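Take a look at the model below. We will go from the overall fold to the charged side chains.

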Amino acid sequence: MGSLLLLDTSALLTLRDDKPGAGRVEEALEQPGRCYACFLSRMEVLYRVWKDEDERSGRLA
């Protein structure tokens, strides 16, 4: 049985912004039930994208 993964804010933003390492995050997300992001990380992504871009982009992120 493989290990569980917890994605942090930087991993989620790396994927969203298609930065180096985005492929590794995408591979992790392709493992249903094995990859998670905590509520706080999700809220940090919302806040940072909203602040840098706009509300709609933040909610979509």
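Helices here are DSSP runs of H or I with at least four residues, numbered from the N terminus. The model is a predicted one. Keep both points in mind for what follows.

Start with the fold. The protein chain holds four helices and two strands. Their order along the sequence is β-α-α-β-α-α. The C-alpha trace spans about 40 × 25 × 15 Å along its principal axes.

Next, packing and surface. The protein chain has 61 residues, and 28% of them are buried. Consider the contacts between residues at least 6 apart in sequence: 60% of these join residues at least 24 apart.

Now the charges. The protein chain carries 9 positive and 11 negative charges. Side chains of opposite charge can pair when their charged atoms come close. How many salt bridges are there? The count comes to three, with a side-chain nitrogen of Lys or Arg required within 4 Å of a carboxyl oxygen of Asp or Glu.

Begin in helix α4. Glu-55 and Arg-59 both sit in this helix. They are four residues apart, about one turn of the helix. Their side chains form a salt bridge, with N to O at 3.0 Å. Is Arg-59 buried or exposed? Arg-59 is exposed, because its relative accessible area of 57% is over the 50% cut-off. Glu-55 has 39% relative accessibility, so this residue counts as partly exposed.

Elsewhere, salt bridges with shared partners join Arg-16, Asp-17 and Glu-53 into one network. Arg-16 meets Asp-17 in a salt bridge of 3.0 Å, N to O. Arg-16 also pairs with Glu-53, where the closest N and O atoms are 2.9 Å apart. Where do these two partners, Arg-16 and Glu-53, lie in the chain? Arg-16 belongs to helix α1, residues 9-16. Glu-53 is in the loop between α3 (39-52) and α4 (55-60). The two residues are 37 apart, so the pair links distant parts of the chain.

What of the exposure of this network? Arg-16 is partly exposed because its relative accessibility is 32%, between the 20% and 50% cut-offs. Asp-17 has a relative accessible area of 35%, so Asp-17 is partly exposed. Glu-53, with 45%, is partly exposed too.

Definitions and conventions:
Residues numbered from 1 in each chain as written. Predicted model: local features only at pLDDT ≥ 70, side-chain atom pairs only at ≥ 80, totals over all residues. Heavy atoms only, no water. Buried < 20%, exposed > 50% of the residue type's maximum accessible area, 1.4 Å probe, protein only. Contact = heavy atoms within 4.5 Å. Lys, Arg positive; Asp, Glu negative; His and termini not counted. Charge placed at Lys NZ, Arg CZ, Asp CG, Glu CD.
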